[in-house]
Every structure is written in C-alpha cells, then in structure tokens.
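Let me put the structure up on the screen, and then we'll walk through it together.

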Amino acid sequence: MMTNEMILVVGLGVLALIFLMGILARMYRKAGPNEALIVYGFRGPRVIKGHGTVIFPMVENCRELSLELMSFDVAPQQDLYTKQGVAVTVEAVAQIKVRSDQASILTAAEQFLTKTPPQREGLIRLVMEGHLRGIIGQLTVEQIVKEPEMVGERMRATCAEDMSKMGLEVISFTIKEVRDKNDYIANMGKPDVARIKRDAEMATADAERDTAIKRATALRESAVAKAQADQERVIAETASATRQAEAQRDLEIKKAEYAEQSRRQQATADKAYELQTNVMLQQVTAEQVKVQQVEKEGQIKVQEAEIMRHEKELIATVLKGAEIERQRIENLASAEKSRLTTEAEGRASAIRSQGEAEASIIFQKGEAEAKAMNVKAEAYQQWNQAAVVDKLLTNMADVVRAMAEPLSKVDHITIVSTGNDDAAGAHKITGDMTRIAAQVPALFEALSGMDIKQLMSNVQAIKKPANGEAAK
C-alpha cells in the first residue's frame, strides 16, 4: 500500500517537473545568426542576436527580424534621360541588408517589422529608382555604357544616407543592361568598331607578316636548333654511350672487385674456419693428450703402486728366498771356482811338465839331428862324385814316382786299341811311363846344372879308387 502511494507521488513529481521544464522551454527564445529577436514589454525594447533570452509571458513579447541579404532588380518602367537628353532604359541588380548594430536593427524594426518581404523590397526599390534616375541624368550615354562601375559607386554613395536612415546598407549595385530605342548605343560603337576592325586587320596583317617572318625565323632557328640538337643529341648519345661503357666498365670492375673481395673474404673465412677448426682440433688433441697424460699418470701411479705392492710382495715372499738362493749359488760358484782353479793348476802343471818333457825331447831330438846333420855334413864333405851320383840315382826313383803320381789317381783305364805295334794297347801306357822316366835326367841336369853323360863317363874312375875309399 505504501509502495503504491510512493509511486504515485513520484509520478506526479515527474509530471510536474516535465511541465515546469516545458514552460521554461517555451519562455526561452533563441535567435539564429541570420536573424535578430526584437523583445519588447515591461523591460523596454531590446535586440537579441546570436543567443537566447527568457520571455516572460503576458508581460513581454518578441518578433523576428531577418538579417539576410535582399537581392532584387532595379528597373524603372519609364525611360531615363541622360545628360545629352537621350532616353535609355537601365536595368540593375541591388543587394541590400539590415546593418548589424543594435540601433540600425531597431530602426529597421520600426520601419519594416510588420511588413512582408515584397512590401519591404517595394519601398526600397522606389528609393533606389529615384536615385538612379538622378544619377543617369548627370551622365552621358558613353559614361553609362563604358563605366558601369562608376555608376555603381555613385549609386552606393548616393543611397547610403537614405538607406542608413532605414537601418539598411547597400552591399552592391550592378548595372545589368542599358538600352535605347533609337539605336544610339548601337551606332555609338560603329566608328570604334570600324577603327577597331581596321586596326585589327592591320594588326592581323602585321601579325601575319610577323608570323611569317617569325615562322621563317623559327623554322631556320628550328632547323639550326634541330641540327644543333641532333649534333648535341649525337654528342650526348656518344657521351651517354661512353658513360654507359665507362659505367659498365666500372660496374664490371666493381663486380670483379666485389667478387674478388667476396672470394678473398670467403677464402679468409674458409681459412679462418680452417684455422679455427685446426685450433679447435689442436685444443681437442691437447685436451685428449692431457686426458691421456692424466690417464697415463693415473696408470703410472697405479703401476707404481702395483710395482711397490709387487715389490713389497716380492720382498716379502721372494727376496728372502732369492737371497738364500744367491748365497747358495755363490757358495756353489766359489766351490766350483776352487775346484776349477785346482784342476787348471793341475792341468797347467801337467801341461807344463809335459811341455818341458816334450821340449826336452825335441831339444834332445834336435840336438841329435843336429849332430847327425853335422856327421852327415862331415860325411858329405868326404863324399866324391860317385857318392853324389849314387844319391841322385837313389832318389831318381822317388822323382819318377812323384811324376807318375797323377796316374795313380785314375780309377780305371779302358784301352781301345786299333794299332798292332808297340804304340797301341798296354804298350802305349808303358811307353808313356818310359818316356816320363826318360825326362828325369833332363830335369836333373836342369836342376843341378850337371851333365849326366859326363858323370856317367866318370864312373870308371869311381870303380878304380886309389886307396880303397870305395870300401867305405
């Protein structure tokens, strides 16, 4: 129940607020930039332009006054007479607006606030047509036709005071058309037209002449310029080709340099890479060597430890036995040495005794041979020629035996005999032996220098010794 009452109260409050806002909105009037709001009432007349104001109902009221530009034609229906008395018809266009100050706006409001735009333009047009008539009467046709700006300036200057009294200002006044019924304006320009036409024709001829001259000059200059341009073009093309060739050459050189530099850098990079690789390999190898050295040092330490352990073990287990064995071997060697020394001394003593005995025997034998040789020499001193011959003949058999010694090396002899005399068969062998033996005397004579025949001739003397020496 309470809730419904509250909703009702709130709704009534909202409606009252909306109503109040609507009243305030209706009381607040705004003026656009193209208009002025004329407020009048208990606070007196005032102008609102470009903003808003509150209009109290029943005690104040307001009206809008347009400030926009008014454009309309100023064309008097009657002819206007110029200073020469020529009747002309003039049509112009005028732009009028209300001035922007508050006093002018209030003035314009006093005169035009309740009038419609056509009524307002009609009043203004009447004023301006009157002034235009007066200005046209002061000017000639030529001035009106040839100087429309001057007419517009005079019109603005003349109308300014009257327009200001109405709160208006003339923005522009432009003569649109000037005509007459007697063709005064049309004939006014004919001399000038003829003169202008003549001048135009002369100017045309001069221009054509000048044009022809200039054309010829231009053609000549064009030909010269073209030739020069061709020459310059050829020079430029040659220079361009030269520059292109130079540029191409420079490009090739640059390419070659860049390629060489690239190859050099590539080679440097490859070499650096190779060097770096070698350095890394050396480092790896060095590390491997260090690792191997460390492993070897470890192995050596292990081996040294093993050797020390083995040495200690040998010392503990073998050395004692070896020491005992060494002492035993030394004792055995000492005993063997003593034995060998004794045996050597015994053999040396025996050899020495044997040598002494053999030396004594040799000495005695030599002494005996020497004595025998002495006896033999003494006997040879007493030998005669017969004894020598006997000795030679006795030893001749040995000589023959020595010469026939090669035949004794023959294993067997096969005799193939085809003859039938003493030079064939076994007779041949004995004959050869005989001939070998027959050579002995010649050999004897060659060796001794004595003649066998002479010796044999002296055999008789040997047979007859004088005092019995043959018995010896």
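How confident is the predictor in the chain? The mean pLDDT is 81, and 91% of the residues reach 70 or more. Confidence is highest in strand β8, residues 87-98, with a mean of 90. At the other end of the scale is helix α12, residues 459-463, where the mean is 50, the lowest in the chain. If you look at residues 460-472, pLDDT stays under 50 there, and the model has four contacts beyond four places in sequence for that stretch. Where pLDDT is low, the predicted coordinates should not be read in detail. Let's move on from that part, then.

Next, the annotations. UniProt, in an unreviewed entry, puts a "domain: Band" feature at residues 26-192. In the model, that span is 40% helix and 33% strand, and its end C-alpha atoms lie 69 Å apart. The unreviewed entry also has a "coiled-coil region", covering residues 293-339. What is the chain doing over residues 293-339? The answer is 100% helix and 0% strand, with the end C-alpha atoms 56 Å apart.

Here's a helix to look at on its own: α3, residues 117-137. It has 21 residues, and from first C-alpha to last it reaches 30 Å, close to the 30 Å expected at 1.5 Å a residue. Which residues of α3 are buried? They are R120, I124, M128, E129, H131, L132, I135 and I136. Notice that the list of buried residues in α3 includes R120 and E129 as well as I124 and L132.

Now for salt bridges. A search of the whole structure turns up 25 of them. I've picked a few to show you.

Now slide along to helix α7, residues 190-381. K290 and E287 are both in that helix, three residues apart, which is about one turn. Their side chains meet in a salt bridge at 4.0 Å, N to O. Both ends are partly exposed: K290 has a relative accessibility of 46%, and E287 has 44%.

Further along α7 there's R326 with E330, four residues apart, again about one turn of the helix. Here the N to O distance in the salt bridge is 2.4 Å. R326 is partly exposed at 36%, and so is E330, at 40%. And if you keep going, E336, R339, E343 and R347 are linked in a network of salt bridges.

A31 is in the loop between β1 (28-30) and β2 (35-41). Is A31 buried or exposed? It's buried, with a relative accessible area of 9%. Leaving out residues up to four places away in sequence, A31 touches L37, I48, K49, G50 and H51. Take H51 from that list: A31 and H51 are 20 residues apart along the chain, yet their C-alpha atoms are separated by 5.5 Å.

R46 is in strand β3, residues 46-48. Its side chain makes a polar contact with the side chain of T53, at 3.2 Å. Beyond four places in sequence, the residues R46 touches include L37, V39 and E60.

M58 has a phi near 75 degrees, a positive value in a residue other than glycine. M58 lies in the loop between β4 (52-54) and β5 (60-66), and it's exposed, at 87% relative accessibility. D183 has a positive phi too, near 55 degrees. You'll find D183 in the loop between β9 and α6, where it's partly exposed, at 46%.

Technical notes: Residues are numbered from 1 along each chain as its sequence is written. This is a predicted model: local features need pLDDT of at least 70, side-chain atom pairs count only at pLDDT 80 or more; totals for chains, interfaces and linings use all residues. Side-chain values use heavy atoms; hydrogens and water are left out. UniProt positions are given in the numbering used here, feature names are shortened, and annotations may be inferred rather than shown by experiment. Helices (H or I, at least four residues) and strands (E, at least two) are DSSP runs, numbered from the N terminus. The expected span of a helix is 1.5 Å times one less than its number of residues. Buried means under 20% relative accessible area, exposed over 50%, partly exposed in between (1.4 Å probe, protein chains only). pLDDT is the predictor's confidence in each residue, from 0 to 100. Contact means heavy atoms within 4.5 Å. A polar contact is a pair of N or O atoms within 3.5 Å; within protein, one must be able to donate a hydrogen and the other to accept it, and residues adjacent in sequence count only if both atoms are side-chain atoms.
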